[in-house]
Structure formats: C-alpha cells, structure tokens
Amino acid sequence: MKTKIFFLYLFLSFVAISYAQQLSVNRKAGVRASYNANKFWDNWFAQAGIGGQFLFAEDVMNVPFSTSEITFIPTFALGKWIRPWIGLRAKVEGGALHSFHDEDHTSMQKDFYYDGHLDLMVSVTNFFWKYDPKRKYDFVAYGGAGYYSRKESTQLIPAYGINTYNDAKSNLSFHAGLSFEYRLNKNMGFYVDIAGLLADDYFNRIKQARRFDGVLSTTVGITFYFGNTYFYPGNQCSML
C-alpha cells in the first residue's frame, strides 16, 4: 500500500513540475513564449478608416502651408495575426493630392492615385511584454511594399510650363507606420494610424533633383475581428 502511495506521489509530483515548467514558458514575454499554431480562419481582422493626407514633393517645403493641401483619404485593410506579436496585412488607400508651387497659392496642382500594399506587422506590446488576451490596447509598427497607380492628367502646371509626365503612371511604393489599437469587445475595436508612403520622383508628375516623393497620412477607423481571436500557450487547446 505504501509503495502504491509512493509511486502515486511521484507521478503527481512529476505532473505538477511539468505543469509549472509549462506555465513558466507561457509567462515569458513576446517571442520567447510558445503558442499553438492557430487555425487558418483564426485571428483575422478587417479595417476601414478615413483621415487626411499631405503630399511631400517639389516646392512643398518652400511655400507657406495651406489647409487645402490636406486631402481626404479612405483606407481598407484585411489581415491576420500569425502569432500574438507578428502578422500580415493587405491594405488599399488613395484619393486626391493637392500641392502649390507659389507663395500666393494661386496654382494648385491636383492629382489622383490609389495604392495597394502588403505589410508585415509587429505588435510592440506583445513583443516586449507578456501576451494577455484580456488586454484592451495594442501598439503596432509595420512596414511593407506595394504598387501605386496615378491617373492621367491634362492639367498644366503653371510654375513648370508644359509638363511631359501627365500620362498615367504606376510603380513600386514603400510603406511604414505606427498604429494604436483599442479593443472594445471580442469582435470590434478602433484604431488611430500614422502612415508614410514613399514613391519615385514621378509620383506628382514633376521630376527634379529629388529622388523620392512621399505622402504622410493620419487615419482613424474601426477594426472587426473574425474567428477565434485568442492565442493559446503551447500544448494547450481552445475550448471554443
């Protein structure tokens, strides 16, 4: 009888030690913690936002700022978190861009573009701190590349005379940004995003000594979460 009790004690001790070791792994922060691979349809999200954008190109820094240079930008995105700290997202955006080439703001240049890109997202919060599925907020840094398309224009730019770059133009674009996200409930949240776009010097139809043109935007929007929205520590399973 004592032998059975002794072996039962050893077995329970082994289980307790193994469980404690598992907990110690799961309590580690960020990339040091292990998680079960999520299913394909888990941890997806969709985003829709609106905001303002500003073009950085020829003469922009040499003339006084005008609120007319801030234009409306809509954004749409679909993404998936692969781990609590890393994910992928496809995003599209666009709109009209305004710029001036004289101090009196008499010659406004107008262009229209749209852009699509794929981003690698890193949750700064879950990268450096322990993952907590009940945490409401998250800071996300991202970067990626895509392709923009600028519409053809017949507008003459007075400051530059006849412009030979009015044809429609498409080329690579590069993106980076920071986003603050706040989860309202299991399936919905909102976000504030600051993003930068870098494109070639033809982006605004004018080519000078600059190597790149750019767009800075700030947007706010709503996030919708789909499927199972949690991650489970290694060797644990979802009960949903």
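This is a predicted model: local features need pLDDT of at least 70, side-chain atom pairs count only at pLDDT 80 or more; totals for chains, interfaces and linings use all residues.
Biologist: How do the residues of the lining of the largest cavity divide into nonpolar, polar and charged?

Modeller: They divide into 11 nonpolar, 4 polar and 7 charged. Residues are numbered from 1 along each chain as its sequence is written, and side-chain values use heavy atoms, without hydrogens and water.

Biologist: What makes a space in this protein one of the cavities of 30 Å³ or more?

Modeller: A cavity is a set of points, on a 1 Å grid over the protein atoms alone, where a 1.4 Å probe fits but cannot get out; lining residues have an atom within 4 Å of a point. A volume is the space filled by probe spheres set on the points, which are joined across faces, edges and corners. The structure holds 3 cavities of 30 Å³ or more, and the largest has about 340 Å³ of space.

Biologist: Which residues are closest to the centre of the largest cavity, and which elements give two or more residues to its lining?

Modeller: Trp81, Asn126, Tyr131, Asp138 and Arg183 are the closest to the centre, out of 22 lining residues. The elements are strand 1 (44–56), strand 2 (71–83), helix 2 (124–128), strand 5 (137–150) and strand 6 (169–185). Strand 6 has the largest share, 3 residues.

Biologist: Why is a segment called a helix or a strand, and how many of each are there in the protein?

Modeller: Helices (H or I, at least four residues) and strands (E, at least two) are DSSP runs, numbered from the N terminus. On that basis the protein has 2 helices and 8 strands, in the order α-β-β-β-β-α-β-β-β-β.

Biologist: What lines the second largest cavity?

Modeller: The second largest cavity holds about 80 Å³ of space. Its lining includes Ile73, Lys91, Glu93, Tyr142 and His175. Strand 3 (86–100), strand 4 (108–123), strand 7 (188–200) and strand 8 (212–226) each supply at least two residues, and strand 7 gives the most, with 3. The lining divides into 6 nonpolar, 4 polar and 2 charged residues.

Biologist: What share of the residues in the protein is buried?

Modeller: Buried residues (under 20% relative accessible area, 1.4 Å probe, protein chains only) make up 41% of the 240 residues.

Key:
Buried means under 20% relative accessible area, exposed over 50%, partly exposed in between (1.4 Å probe, protein chains only). On a 1 Å grid over the protein atoms alone, a cavity is a set of points where a 1.4 Å probe fits but cannot get out, and a pocket is an open set with protein on both sides within 12 Å along at least five of seven lines; lining residues have an atom within 4 Å of a point. Ala, Val, Leu, Ile, Met, Phe, Trp, Tyr, Cys and Pro count as nonpolar, Asp, Glu, Lys and Arg as charged, and the others, Gly among them, as polar.
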